[in-house]
Amino acid sequence: MVSKVKLDFSIIPRFIPMLLDGVRMTILLTLMAVGIGVVLGLVAALMKMSKFKLLRFIASAYIEIIRGTPLMIQLYLVYFGMPQLIGFIIPDAIASVCALGFNSGAYVSEIIRAGIMSVDRGQTEAAYSLGMNSNMTMRYIIIPQAVKNILPALVNEFITLIKESSVVSVIGLTELTRKANMITSVTFRAFEPLIVVAFLYFILTFTLSKFMGGFERRLRKSDYR
Amino acid sequence: MITVKNLYKQFGKLEVLKDISCNIEKGEVVVVIGPSGSGKSTLLRCINMLEVPTSGDVIVEGIKINEKGVNINKLRQKMGMVFQHFNLFPHLSVLDNITLAPKKVRKIDDKQAMSEALELLDRVGLLDKKDAYPAQLSGGQKQRIAIARALAMKPDIMLFDEPTSALDPEMVKEVLNVIQDLVKEGMTMMIVTHEMGFAREAADRIMFMDEGRIIEQGIPDAIFSNPQNERTKSFLSKIL
């Protein structure tokens, strides 16, 4: 039986520095994960479009396995599983960034691949007909046009990852969600810190999606300049 | 200058080109006509290897180009191509569309590329559009820019793949005029088109294709006034 207690947000203010600390950690974690994700994603996307079957297979396997298994299991595998193989403990921050980045890479690679494929085939043919090789064509013709499709989707991925990153609280990394648990354990109250934390997540994601809306409008405008 | 020998091209089970052999001499203007689906565009695209032939040879300036190890990029520099749908680079200004390949492929400096581009723009009558973006241009203007872009590589031969088929009727003439100017300058050209009046006027030789084969070829007067083959006759009677 749980005893009912009235909501009392006055317990929150003294934890504000701690919560902001959590926000900082969440943002930092997400930024680093997206950074790794973009690099891995670019490599995986290029591999998947390669003419070598083996590279295509490796990329597909990576993408399918990551997308087909829960992020939390992936995190456990890195944090609890890997030490068993390599013989030393991985700090929770590093395990978190690795798991999130590795996970994000699979999604980013599909974003990048879709962006590149969306550029009209005629663009490549025109570049080839002018004597450009495939590297030049990628660099000067395809990528600049693909970026327009890729950037908004990447911001979206960033927003998703901000929310997904809350899962690393289970291994004790003191990001935003973990801070809520910590406040609960001190105050014996769950609702107030969770609501405040949810609100902080919402501010982060809402600001970003508004920013992305404006950004997309600007990108679209340049189509008709 | 270009020799095609026993060229076959298949897309899956569909045989698009069947045993094509032909020759294009330096300075010659060859216009390819024929019903849609007859393989005209595919033949043109095989000549600069945008389509890889299934079998047979394409020999350009003495080099067999559909062979492993041939630097096709190098050979394509000498063959300008103009597409039905223009394929201008939408993210680049008109000037950058024209100067990109000369700068990156021919490796000439910015100043030289710029002055060559301005000269070409003047030639196609679009000097005032140099800072515009493709989306701001009409179809006819886009195609004239596309021609200037191809010419900027100083090609020995120009390939035109239905250059006026995607244009509104009132813009066809401005593009044909530019091509006509190239004819006068003695450019070697292979043109796929449905503009019969233009074909008759500009061509040194007409090539009629149907169902993946060259059915008949000859000087325009002979083909248009006195076609020998039944299929040529029936095609021309439908469109003239």
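Contact here means heavy atoms within 4.5 Å. The exercises below use a predicted model.

**Exercise 1. The interface of chain A and chain B**

Determine how many residues each chain gives to the contact, and how much area chain A and chain B bury between them.

Solution. 
- Step 1. Chain A contributes 19 residues and chain B contributes 25 residues.
- Step 2. Between them, the two chains bury about 1,900 Å², with 62% of it on carbon and sulfur atoms.

**Exercise 2. Polar links and the chain A side**

Find which residues form the salt bridge across the interface, then describe the side of chain A that touches chain B.

Solution. 
- Step 1. The rule finds 1 salt bridge across the interface.
- Step 2. Its partners are E125(A) and R45(B). Their closest N and O atoms are 2.6 Å apart, and the cut-off is 4 Å, so the pair qualifies.
- Step 3. On the chain A side, α5 (121-129) and α6 (134-164) each supply at least two residues. The largest share, 7 residues, comes from α5(A).
- Step 4. By class, this side has 9 nonpolar, 6 polar and 4 charged residues.

**Exercise 3. Strand β4 of chain B**

Identify the strands that pair with β4(B), and state in which sense they run.

Solution. 
- Step 1. Strand β1 (residues 2-11) is joined to β4 (residues 55-60) by 5 bridges, and the two run antiparallel. In this pairing, Y8(B) stands opposite S55(B).
- Step 2. Strand β5 (residues 63-64) also pairs with β4(B) in the antiparallel sense, over 2 bridges. Here V60(B) stands opposite I63(B).
- Step 3. β4(B) and β5(B) form a hairpin with 2 residues between them. In the turn, E61(B) has a positive phi of about 45 degrees.

Key:
Residues numbered from 1 in each chain as written. Chains lettered and ligands numbered in written order. Predicted model: local features only at pLDDT ≥ 70, side-chain atom pairs only at ≥ 80, totals over all residues. Heavy atoms only, no water. Pairing = 2+ DSSP bridges. Helix = DSSP H or I, 4+ residues; strand = E, 2+ residues; numbered from the N terminus. Buried area = accessible area lost by both parts, 1.4 Å probe. Salt bridge = Lys/Arg side-chain N within 4 Å of Asp/Glu carboxyl O. Nonpolar A, V, L, I, M, F, W, Y, C, P; charged D, E, K, R; others polar.
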